[in-house]
Amino acid sequence: MLKPAFKALACALSLSAATLVQAADPIVIKFSHVVAEQTPKGQGALLFKKLAEERLPGRVKVEVYPNSSLFGDGKEMEALLLGDVQLIAPSLAKFEQYTKQVQIFDLPFLFDDMAAVDRFQRSPEGQALLKSMEDKGITGLAYWHNGLKQLSANKPLREPKDARGLKFRVQASAVLEEQFKAVRANPRKMSFAEVYQGLQTGVVNGAENPYSNIYSQKMHEVQKYITESNHGLLDYMLITNTKFWNGLPDDVRSELSKIVEEVTAEVNKQADDLNQGDKQRILAAGTTEIITLTPEQRAAWREAMRPVWKKFEGEIGADLIKAAEAANQAM
């Protein structure tokens, strides 16, 4: 008579033990990125790992894969959507196939400085862009700064005509392609991991990057000139798989959201310091001349590239462009 009851009890205990073992397994978050660890994004990934494992001990484990060691530029978004990684921070230029509005961050000479970028990203319009891809399975968590981009080449670039005929590496972005076509240069799509070799072998003659990317990837060793143009933004959106994020226990998701907020503040605070420090290291290396544009020269570049705004106004939205432009004026 007791045998069925005993078997049921044993089965229940067995299931209970299995549940406890399962509950003890930490949630693994793979964070993949394509840049070096000493860049703002690289440091942010490591800080996220540190804080997540400190504050959620035994519940969350973060694995960081820098320098395209897990997935490269062309594969990381697909990997996120498939659930093979849980966190990536692609540059904002990577999102045009998911929402055309994010192309606003690629428009040349839209923002006067990083303070204007901050004001726009914190605005209701900027925050709405983080959630604009959830129907595609992508949840934006934060904007991470890398900095304003500088032009580099093996000839001095002082006026727009100096870029004519040069082959510039670009990310896979229609806006960035048109940006270089506007000055009669030739854009060439190339993954970030291939840029150094491309510049070294002459497959491309020039590029656009913040100082931290130029220095960390040793591009200054294969580029004779850097023009401090500050013409565009190279920021990242920290994103996760929507299904994964919504499936986390509420308390874990809440704590990770707080950690993201803290890490974002630290990344964005350090980004400018790192870029300025790497600028000085490039100068100290003595391989590259940094060209400072006069106000008139910078105005000429802006005028030459401004038609790109109009070309993409229909896709991005005139009101969104106006909101971004308004962020140049401090309140």
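Mentor: The second largest cavity has a volume of about 60 Å³. A cavity here is a set of points on a 1 Å grid over the protein atoms alone where a 1.4 Å probe fits but cannot get out, and a volume is the space filled by probe spheres set on the points, which are joined across faces, edges and corners. Keep in mind that this is a predicted model, in which local features need pLDDT of at least 70 and side-chain atom pairs count only at pLDDT 80 or more, while totals for chains, interfaces and linings use all residues. Residues are numbered from 1 along each chain as its sequence is written, and side-chain values use heavy atoms, with hydrogens and water left out.

Trainee: Which residues line the second largest cavity?

Mentor: With lining residues defined as those that have an atom within 4 Å of a point, the lining consists of Phe-105, Leu-107, Phe-109, Leu-110, Phe-111, Val-117, Leu-148, Asn-230, His-231, Gly-232 and Leu-233. They divide into eight nonpolar, three polar and no charged, where Ala, Val, Leu, Ile, Met, Phe, Trp, Tyr, Cys and Pro count as nonpolar, Asp, Glu, Lys and Arg as charged, and the others, Gly among them, as polar.

Trainee: And how big is the largest cavity, in volume?

Mentor: Its volume is about 110 Å³, and 14 residues line it, the closest to its centre being Ser-91, Lys-94, Gln-171, Phe-192 and Leu-234. That lining divides into five nonpolar, four polar and five charged residues. The strands β8 (207-209) and β10 (233-241) each supply at least two of its residues, strands being DSSP runs of E with at least two residues and helices runs of H or I with at least four, numbered from the N terminus.

Trainee: Switching to packing, which residues touch the most other members of the largest nonpolar core?

Mentor: Of its 39 residues, those are Phe-31, Phe-48, Val-62, Trp-144, Leu-238 and Leu-256. Such a core is a set of buried Ala, Val, Leu, Ile, Met, Phe, Trp, Tyr and Cys residues joined through side-chain atoms within 4.5 Å, and buried means under 20% relative accessible area, exposed over 50%, and partly exposed in between (1.4 Å probe, protein chains only). Elements giving two or more residues to this core include β1 (27-32), α2 (40-55), β2 (60-65) and α10 (250-285), and α10 gives the most, with seven residues.

Trainee: What does Phe-31 contact beyond its sequence neighbours?

Mentor: Leaving aside neighbours within four places in sequence, its contacts (heavy atoms within 4.5 Å) include Phe-48, Val-62, Trp-144 and Leu-238.

Trainee: Now helix α13, which of its residues are buried?

Mentor: In α13 (residues 318-326) the buried residues are Leu-320, Ile-321 and Ala-324. They cover an arc of only 100° around the axis, taken from the directions from the helix axis to the C-beta atoms, which puts them on the same side of α13. On the other side, Asp-319 and Lys-322 are exposed, and what covers the buried residues includes α4 (114-122), α5 (124-130) and α12 (307-316).

Conventions. On a 1 Å grid over the protein atoms alone, a cavity is a set of points where a 1.4 Å probe fits but cannot get out, and a pocket is an open set with protein on both sides within 12 Å along at least five of seven lines; lining residues have an atom within 4 Å of a point.
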